[in-house]
Structures are given as C-alpha cells and as structure tokens.
Amino acid sequence: MGQLDQTHSLCQSLRLSWIAQRLPQLLREADENEWTHLQWLEQVLNLEVTERDQQRIRRHMVQAHFPMEKRLDDFDYRHQTTIQKKQISSLLDFNFLDQRQNLIFIGPPGVGKTHLAIGIGHRAIEAGYRVQFKTAMALVEELELAEKRGELKRRISLLAKNDLLIIDELGYLPMSRQSRYNLFQLINSLYEYRSIILTTNKDFTDWGEFFHNDNVAVPIVDRIIHHSHIFMLGGESYRLKQKIKS
Ligand code: ADP
Ligand code: MG
C-alpha cells in the first residue's frame, strides 16, 4: 500500500472521515499555500470539526420535525410590536434551556407564535441542543396511542431525551380526560428536567376551564408556568395583513 493509501486508511480507523475523503486535495492546498506543518494540521482538524458540526445540525434539524422553515432573522418586529427584538435575542444565550425554564407564547392566531417557536428551536439546534416540535394535537394522539399499548412511560422518556420540546397550539381543540392525564404525566416528567416552548391561544384565566377544572388542571398549569418566561402577543394577524396588501 502506498503512503497516501495508508494515511487514508489511518484516517478512516480514527473515523476522521472528512479528512480521509479530501486528503489529496488537502495536500495540494498545503503545497499551493506553502502552509507550515502546524498550519496544515490546524486546517485539516478544523475541516473535520466544522463538517461534523454541520452534519450534526442537519441531522438534528431533521429529527426536530419542524413543520416548516422559519428563521428569527425573517421576523418583522415592525409588524409585531407587542414583543421586542431584544426580548427574543436575550433568550439566545440559551440560559433558559440550561436552567430548564419554559417559554410560553400566548396570543390570537397569526401573530407569530409558531414562527418564533421554530426560530428559537432552530437556533437552539445550532447551539448544540436537541429539539423536537409537536403540535399539541399530534402529541396528545401519540400519548394516547402509547397509553393504549401500555407504553406511556417509554414514550415520555423518549420525548424527554430532547433538551427542548415545542408544543404548538395547545388549547385549540378539546381533550378527553385520559388525554389530559397523559399530558399531565408528560409535563410532570419534564418539570425542572427539560424545557418546553408552548404556544397557545388561551390566556391563563381560561386554562382551568380548558382542562375541565379536573384534578390535573391546576398541577399542569402550575408546573408549566413555574420557571417560565411568558410572552403575550397581540396585534392583528400577519396572514390577514398580507392578504389585504395583495
Ligand atoms: P401563530 O402561530 O401566532 O398563529 P404564525 O407564527 O404561524 O402565527 O404566523 C403566521 C404566518 O405569518 C407565518 O407564515 C409567519 O411566518 C408569518 N408571520 C407572523 N408574524 C410575523 C412577523 N412579525 N414577521 C414575519 N412573518 C410573520
Ligand atoms: Mg401557530
């Protein structure tokens, strides 16, 4: 085996797959740029680290199951004036995740709750956190199915593998008693252990009623809002405004 082939297979044994893949090109670049040994080593290791990072981000983006791509950079704070850019920016050090705090976006349809939740989730993935997006309806169905199969605990511990669970649109549809209980089990397991971003059209004053004032209503609301940042969004629907403009 030639020296290049041998080095290639050493890289593969060490799972330095990006370096292995581009070895001839990297050697050519070293010659062209007259890099020192140290400069070259740095370039090569940098390539491996950067590419691995990008690959991880791509993988975690797929696993997050965002329903659509929304970026914080595309959020227009001139339209949505009930929240300020600095309020969102201050979350992006992700202290709230490290401290297992929750974010709650409350407001009527079309004011940007889901956009902000996805945008923050995207940035959290880039920062190295694991995120999963679920509509409240899909989550409730998923828990119900698991419960029927006697796998509720297992399903909940799978969900709890994420640093951040985004629950979108809680409160739009009524839930059965069993569903409320399942949801309570989930919220309870995540409490002070993982973070939740919740979007809802329901003000806290309506939550008791939404949970039918049964015995899980108070503990659910209590655990969600304890250690949480609450954002009340108002204003007119962005969708409606776009419609009127066109
Ligand atoms: P909500 O979840 O509050 O019902 P969405 O986040 O789904 O609202 O927003 C509805 C649509 O309008 C989405 O396509 C979203 O990207 C867009 N949108 C809402 N608010 C803004 C905003 N301030 N800047 C840019 N796009 C916005
Ligand atoms: Mg929404």
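Predicted model: local features only at pLDDT ≥ 70, side-chain atom pairs only at ≥ 80, totals over all residues.
**Entry 1: ring pairs.** I began by asking how many aromatic pairs the structure holds. The count came to 5.

I then opened the pair of Phe66 and Phe133, whose ring centres are 6.3 Å apart. Their planes meet at 70°, so I noted the pair as edge-to-face, the cut-off for that being over 60 degrees.

Next I looked up where the two residues sit. Phe66 belongs to the loop between helix 4 (37-64) and helix 5 (85-89), and Phe133 to strand 2 (residues 131-135), so this pair ties together parts that lie 67 residues apart in sequence. Buried or exposed, I wondered, for Phe66 and Phe133? Both turned out to be buried.

**Entry 2: a tilted pair.** My next stop was Phe94 and Tyr129, an aromatic pair with 5.6 Å from centre to centre. The angle between the planes is 55°, and the pair is tilted.

This pair, too, links distant parts of the chain, 35 residues apart. I found Phe94 in the loop between helix 5 and helix 6 (95-98), while Tyr129 is in the loop between helix 7 (113-126) and strand 2. I checked burial here as well, and both Phe94 and Tyr129 are buried.

**Entry 3: charges over rings.** Last, I turned to arginines. Arg194 lies over the face of Tyr193, 4.4 Å from the ring centre. For Arg223, the charged end sits over the ring of Tyr191, at 5.7 Å from its centre.

Technical notes
Residues numbered from 1 in each chain as written. Chains lettered and ligands numbered in written order. Heavy atoms only, no water. Phe/Tyr/Trp six-rings, centres within 6.5 Å; stacked < 30°, edge-to-face > 60°. Helix = DSSP H or I, 4+ residues; strand = E, 2+ residues; numbered from the N terminus. Buried < 20%, exposed > 50% of the residue type's maximum accessible area, 1.4 Å probe, protein only. Lys NZ or Arg CZ within 6 Å of the ring centre and 35° of its normal.
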